[in-house]
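Morning, everyone. Please look at the next slide with me, and then I'll walk you through it.

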Amino acid sequence: MTDYQSSLLKLLNERGYIHQVTDASALDAQAVKGIIPGYIGFDPTAPSLHVGSLVQIMLLRRLQQAGHKPIVVMGGGTGKIGDPSFKDEARKMLTEEVIASNVASIRQVFERFLTFGDGPSDAVMVDNAEWLDKLEYIPFLRDVGQHFSINRMLSFDSVKLRLDREQSLSFLEFNYMILQAYDFMELSRRFGCRLQMGGSDQWGNIINGIELTRRMDGIEVFGVTTPLITTADGGKMGKTMSGAVWLNEASLSHYEYWQFWRNTQDADVGRFLRLFTDLPLDEIARLEALEGADINAAKIVLANACTAMCRGEDAAQSAQATAKAVFEQGSAGSDLPTLDVSGGSIAVLDALVELGLVASKGEAKRLIKGGGARVDGEKVSDEALVIAMGGADVKISAGKKLHGILRGV
């Protein structure tokens, strides 16, 4: 079904968010009749989410733009276990203190994308530890466990992948999908939540929550998943040579965040403008039709819009100014990642890694061997080079697009 009547599903459809919908006609009708509270869960495994989570954050933003209520669920409870979906191995256990610190850090980003408050369509943030930490094991097994078939759970792709590879899947992780289903039912009871959204890898977990809520409470709830967001060359969205593209500025500089979007492949510009910005569709159509060198103007629009939304307008302008200084004038720019160097010198391999321009010394060696590393514009040919710090800053480059500054202290 694509002939939607509700502003919500029309908006999601025309901007490319919809992969699967449970009972699309019923959800469409509900969205026409009144406000739908909808949620997405995020496990706080680090102080920041990364660009790979951004399409889900934008889904909540679209939900609010269409007049509905976003519920941001922090997995303070499930984060103690870890979602096994399409993972090669179990996650590291986090303490409650670390989880609480991560939640506080992550909330800062959500406040830039959503309007929080007490109004009917204002966003709320909740922690599933509020209800999961209070569960008693035997009553939970009796009341909830009876609704789950082990045979069916074993058939889910997220589980089969681990088992087919003969990789360990702990009983702890196996319970994750039951707890996520319970989250949906609990949110239905507490907030009247009627919609869970997520990536395509969450389809099985979402269906579990829909069925549990129907069986235990007799209430109809819905699910929407997004397509897997990959780049035009088939790569994973948000993965770069230097690692994850973090949303929090404490984890990644404004310039590096802006530059990530500026480096978008030509074929991805229109799709990313629809998914990750609020630009009108007719303007996006004009920009993605640009060809040759002109498409770079569209990439700058994309970089500015994405950076302004996540980091603020000042950050976008500063990052663009730094990019202009770096690429047009050959100077350092004020917003590049910097590293303070004590002792008067630093090995070039260490400099590349510690600035975040490469992920490892092995990658740094390959970069140097391929002729991609430069110090103050001069190509580095010796991987054993030690950079002597004088009175001036030293500019380090990895390829044409990644740069950093060494400062003597």
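**From the whole chain to one residue**

Take contacts in the protein between residues at least 6 apart in sequence: 73% of them join residues at least 24 apart. Contact here means heavy atoms within 4.5 Å. Now, two notes on the source. This is a predicted model, where local features need pLDDT of at least 70, side-chain atom pairs count only at pLDDT 80 or more, and totals for chains, interfaces and linings use all residues. Residues are numbered from 1 along each chain as its sequence is written, and side-chain values use heavy atoms, with hydrogens and water left out.

The protein has 18 helices and 15 strands. Those are DSSP runs, numbered from the N terminus: helices are H or I, at least four residues, and strands are E, at least two.

Next, a sheet. Five strands form an open sheet with mixed pairing, in the order β9-β15-β14-β11-β12. Strands pair if DSSP finds at least two bridges between them. β9 (338-341) and β12 (378-379) are at the edges, each with a single partner strand, so one side of each has no neighbour in the sheet. Inside that order, β14 (residues 394-398) and β15 (residues 402-408) run antiparallel, joined by five bridges. V394 sits opposite L406 in β15.

Last stop: V221. Where is V221 in the chain? In the loop between α11 (203-217) and β6 (222-226). V221 is buried, at 3% relative accessibility. Buried means under 20% relative accessible area, exposed over 50%, partly exposed in between, with a 1.4 Å probe and protein chains only. Leaving out residues up to four places away in sequence, V221 touches several residues, including T22, F184 and T213.
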